[in-house]
Amino acid sequence: MKTIQRPIVSIAPRTWLLSEYKLVNSYLLEGDDLAMLIDGGAGVGNLAEDARALTPKPILFVATHGDGDHIAAAGCFDKAYLHPLDQTRASMFPLAQMASYMVRSRGPVRNPETPVEDLLALIPKEPLPPLPKFLPMEEGQVFQLGGRPVEVIHTPGHSDGSVCLLDKKNRLLFTGDACNDRLLVCGEDRDAGLRQSLNTFEKLWARRDEFDYICQGHDALDKADKSFILDYIEAIQALLAGAEGTHRTDAMHSGIMYPHKKVMVWYNLDMKMDDKGKE
């Protein structure tokens, strides 16, 4: 078994993408006084240790949403923030099984060159600290890192409490799962979920002059083109006007998928996780 290094990519001054071995993306932003870690992975490897190796500054943890593959490391930090509408969602995920689940279900697709057994070996034998009592954050709140303000933008769709984080100085928008190259519209009411997502994308597109790139929660190991947002607006408008996707099942998702340009919209999802971390 070879030694596997966490991919860490500098994407802007004092800004790093820390990939959970191509399964999930986290981001470290350093200001003059504080640093911010955006999202905390599923628990593969030691994210907190790798983040602290990049900066001597105290680190705030901020979750874009409450899914278990984005919050596992939250308990490793003194202060952790999550939108109140995702507090319940965060408590629903069995974090003890989350890392194994992500490796087994997502590993063969997102990191096919690395054997699943090698990725499983990266899961620490000692459990991560339990989730903290998250501090609330809200629309328009600005984190002051010292010469680097980061604004919270409430962006429901993937989840009710999803947020994006706007780094005004470096013109970067960190989107979590609100805007990847695939969007999972959760919930049983398809049209309500689509309308909520459409409102979010129109809100972000209206602010497009404030950022040059998006930084995704999955998939890309670099900054991505902000035109993803416009592609989603067009795709969702088509779906609400009567277009339909087709049922797909792959290693990661099962549901209805509608492709458009660079993006895919998934809805009517059937996603279950058993105690062995398998769908």
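**Sheets and a helix pair, term by term**

Trainee: What is the strand order in the open sheet of 4 strands?

Mentor: That open sheet runs β12-β17-β16-β15, and its pairing is mixed. Strands here are DSSP runs of E with at least two residues, helices are runs of H or I with at least four, and both are numbered from the N terminus. Keep in mind that this is a predicted model, where local features need pLDDT of at least 70 and side-chain atom pairs count only at pLDDT 80 or more, while totals for chains, interfaces and linings use all residues. Residues are numbered from 1 along each chain as its sequence is written, and side-chain values use heavy atoms, leaving out hydrogens and water.

Trainee: What makes β12 and β15 edge strands?

Mentor: β12 (182-184) and β15 (246-249) each pair on one side only.

Trainee: How do you know that β16 and β17 pair?

Mentor: Two strands pair if DSSP finds at least two bridges between them. β16 (residues 254-260) and β17 (residues 263-267) share 5 bridges, in the antiparallel sense, so they meet that definition. Within β17, Trp-266 is the bridge partner of Met-257.

Trainee: Which helix packs on this sheet?

Mentor: Helix α7 (residues 227-240) does, touching β12, β16 and β17. Contact means heavy atoms within 4.5 Å. The direction of α7 makes about 45 degrees with that of β17; axes are lines fitted to C-alpha atoms, for helices over the stretch in contact, and angles run from 0 to 180 degrees between N-to-C directions.

Trainee: Why is α6 called roughly antiparallel to α7?

Mentor: Helix α6 (residues 190-206) packs with α7 at an angle of about 150 degrees, their axes 9 Å apart. Angles under 35 degrees count as roughly parallel, over 145 as roughly antiparallel, 65 to 115 as roughly perpendicular and the rest as oblique. The angle is therefore in the roughly antiparallel class.

Trainee: Which residues make that contact, and how many of them are nonpolar?

Mentor: Among them are Leu-194, Leu-198 and Phe-201 of α6, and Ile-229, Ile-233 and Ile-236 of α7. By class, the contact has 12 nonpolar, 3 polar and 4 charged residues. Ala, Val, Leu, Ile, Met, Phe, Trp, Tyr, Cys and Pro count as nonpolar, Asp, Glu, Lys and Arg as charged, and the others, Gly among them, as polar.

Trainee: What is the average pLDDT of the protein chain?

Mentor: The average is 93, with 96% of the residues scoring at least 70; pLDDT is the predictor's confidence in each residue, from 0 to 100. Over residues 273-279, the pLDDT is below 50.
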